[in-house]
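Here are some notes to read beside the model.

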Amino acid sequence: MNALLILVPVSILSGICGVLIFAWLTRDGQLSDPEGNKYRIFEPDELE
Amino acid sequence: MSGPGASFHGVVQNLTCGACALRLERQLAGLEGMRRVVVNATTHRLRAEYDRGVLSEAALIAAAARAGHPVQSAAQEGGPREPDLVIPLAVAGFGMANVMSFSVSVWAGIDMGPATRQAMHLASALLALGVTGFAGRVFFEPALRDLRRGRVSMDLPISLAILATLAASFLAPLGLAEEGYFDAVVSLIFLLLIGRVLDQKVRRQTLGAARNLQALVVGRFARLAPDGRLVDVSAADLQCGDRILVRPGQTVPVDGRLRSPGGRIDRSLITGESDAVAVAADDLILAGSKVLQRALEINVTAVGEAASVGQMAQMMRVFEDRKGRAQILADRFAATYAPMVIGGAIFGFALWFFVLDASLAEATMIAVAVLVVTCPCAAGLATPATVARATNQLLNQGVLVRSGRALEAFSRASHIVFDKTGTLTRPVQTVRRGLPTDVARAMTGLAANSAHPLSRALVGETRVDSITPAMEKPGEGLRGADGSALGSAEMFGLQVTGPVTASFFKSKSGDLYEVPFKEVLSNDTTDTVCHFQRAGVHLHIQSGDRDDVVQTIADEIGITSAQGNVKPVAKADFIDGLRGSPDTIVAMVGDGVNDAPALTAADVSVSFSDGSAISQDAADFIIIGESLAKLIPIFEVSRSCRRIIGQNLAFSTIYNLLSLPLALCGFITPFAAAILMASSSIAVMLNAQRIRS
């Protein structure tokens with residue numbers, strides 16, 4: 001059970017990091033254009 | 001990267017797909033001097049930063065127009081924005097997943113000592129506290145705010161449920177109870193937030209689309225170009241030194257000096273006083289003044305932020321007004337229902353704790369289940385979510401909805417009254433060649449005062465050298481200050497026969513000229529009329545034009561009830577006359593100054609963005625452009641909106657009636673209650689999404 005003392009805090013901390021990154025992405029506006037972003041992966045000549 | 005930079009914000013038109021947005025973005029990025037350009041395909045907004053020395057705003061707009069996407073400059077979306085609910089949702093979701101993993105291990109009875117068990121309770125407690133403190137604020141803050149104002153909203157029972165569950169859960173880590181309910185606390189917050197996030201998304205989409213349309217519609221003004229032509233420009237494109245013509249009913253978008261000899265304006269938007277004020281030549285006219293009676297020619301002296309204050313205020317008032325009415329309804333509902341929910345919870349607690357001898361924790365959980373399960377979130381969402389979706393669908397079709405009530409009224413419309421000219425037909429000017437040049441010039445100078453379809457057809461592309469100050473008498477015509485006049489035969493006391501629309505022009509020397517028009521049916525008139533006749537709606541034409549002209553048009557499109565020679569007030573009387581029984585709902589469609597009384601008298605009304613500003617003020621729906629066929633989506637969307645509101649209300653009532661006794665009997669745990677409540681809200685939101693046009 002000693003493993004839990006390390007693994008549980010580690011997993012929670014990494015989860016918190018994930019949430020922080022998500023919050024940053026949202027505030028930064030990177031997730032504000034889902035419609036355009038699905039086309040942004042193409043090269044100009046592939047858009048047709 | 002050199003020289004001073006400038007930025008540009010605008011609304012992009014004709015964006016049908018993400019690929020168009022990307023193509024436009026790449027074309028604009030290729031312009032010399034462009035530093036950064038982003039076209040958002042979701043919000044249809046464009047943001048650009050460029051070198052002021054190399055590129056200009058005009059060149060940017062021209063390049064976009066060449067690419068097939070006209071851009072209208074618009075204020076940057078800003079102001080106090082409500083916080084994104086997605087972040088609290090993410091936090092709550094993270095907390096829920098972790099607390100669940102502890103709960104499952106405890107429940108599953110994995111071989112663990114009391115110390116491990118205690119540690120898991122403690123970890124759950126810490127996570128639940130964090131989630132409640134961060135994500136729970138979404139409910140606590142409005143609940144507290146309302147309480148301070150002496151009101152009760154639905155956020156209060158929700159907050160109580162969260163806090164009571166949290167408090168009861170602390171019995172477990174303190175060793176006073178066998179199990180904790182931290183999983184219930186966090187899942188309650190998570191599931192409730194799902195409903196809120198969906199609701200916020202729909203409202204943002206609707207508001208964004210409405211703002212974009214407003215930017216395109218509000219403030220199309222006639223600018224007098226140096227060569228004398230009238231050019232249709234938007235308020236945002238006006239510059240100091242421009243001469244503009246502001247027509248009756250329009251709101252002056254800039255500060256400027258009056259060039260016309262005089263006129264009357266309504267300053268109520270700026271000063272709050274509703275009396276009309278007389279202004280004389282060279283007076284300063286402030287942005288936000290509304291022009292009355294006759295068109296004013298104004299020399300622009302100030303534009304932009306400072307001058308557009310009044311205009312913005314008016315625009316926002318329309319929105320706040322609409323939100324206000326929906327909000328009042330929701331508040332009234334919450335004020336009566338929320339105390340009942342809290343009362344039910346207290347009853348449940350008392351019943352189990354004092355009568356049935358349950359433990360404190362058990363009785364608390366019963367109370368929490370009642371609080372959560374009877375929260376009428378679904379009922380509260382049933383109407384606003386559906387109206388928001390319907391409004392959004394119509395905005396996408398190019399129809400502005402000015403009030404939620406209008407959707408309900410239009411869905412029940414049994415009679416539709418149409419104006420003729422400008423609504424069913426477009427006037428085309430046929431004979432001008434017969435007129436001497438100076439007469440034609442004087443006539444366009446007079447016609448420029450009015451937004452009437454016949455006047456607009458007269459001015460068309462021709463040059464306007466000088467504008468004759470004039471008064472417009474709705475339903476008759478224009479009387480110029482110099483004694484010239486332009487208007488219907490009746491205005492001059494003439495009798496005309498034959499199925500041709502004709503106006504008359506009297507020059508200042510007193511000579512009378514006939515100005516014939518040909519009227520063509522708009523492309524979609526016949527289809528639209530057929531659609532409504534098939535739906536069993538009674539159609540009428542009420543026109544100020546001569547009766548024989550009206551009958552000819554009516555025969556052509558198959559409307560039997562048609563009347564010409566109708567005065568503006570008589571149109572309103574006709575509508576009042578139709579309203580015999582309570583089942584009769586009359587809709588009015590018109591665009592003229594002379595339709596305004598009828599638009600107000602009707603139960604629900606539709607105008608056009610190209611029509612007179614007065615008719616738009618009176619209308620519940622404004623169709624962008626001139627397409628009559630958009631009446632069909634208005635009708636279909638409002639009908640399906642009413643049907644779905646009915647379904648949603650029925651569903652949420654049944655849900656609440658069934659769940660309350662079950663919760664009181666202790667059959668529903670707080671966790672199950674949270675799931676039931678959230679799924680009922682989501683069911684209502686999803687049902688609203690079924691509205692399509």
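1. This is a predicted model. In the second largest pocket, the largest share of the lining comes from helix 14 of chain B, which gives 4 residues. The pocket has 42 lining residues in total, and those nearest its centre are G475(B), E476(B), S488(B), G544(B) and D545(B).

2. Several elements of chain B give two or more residues to this lining, among them strand 17 (470-473), strand 18 (477-480), strand 19 (485-487) and helix 17 (568-578). The volume of the second largest pocket is about 780 Å³. Sorted by class, its lining has 17 polar, 15 nonpolar and 10 charged residues.

3. K571(B) is part of helix 17 of chain B. Is K571(B) buried or exposed? Its relative accessible area is 1%, and the cut-off for buried is under 20%, so K571(B) is buried. Beyond its neighbours within four places in sequence, K571(B) has contacts that include D419(B), G544(B), N594(B) and D595(B).

4. Helix 15 of chain B (residues 525-534) has the buried residues T525(B), T528(B), V529(B) and F532(B). Viewed down the helix axis, these fall within an arc of 100 degrees, so they line one face of the helix. The face turned away from that buried side carries the exposed residues D527(B) and R534(B). After helix 15 of chain B comes G536(B), with a positive phi near 80 degrees.

Conventions
Residues numbered from 1 in each chain as written. Chains lettered and ligands numbered in written order. Predicted model: local features only at pLDDT ≥ 70, side-chain atom pairs only at ≥ 80, totals over all residues. Heavy atoms only, no water. 1 Å grid on protein atoms, 1.4 Å probe; cavity = no way out; pocket = protein on both sides within 12 Å on 5 of 7 lines; lining within 4 Å. Points joined across faces, edges and corners; volume = space filled by probe spheres on them. Nonpolar A, V, L, I, M, F, W, Y, C, P; charged D, E, K, R; others polar. Buried < 20%, exposed > 50% of the residue type's maximum accessible area, 1.4 Å probe, protein only. Contact = heavy atoms within 4.5 Å. Arc of directions from axis to C-beta.
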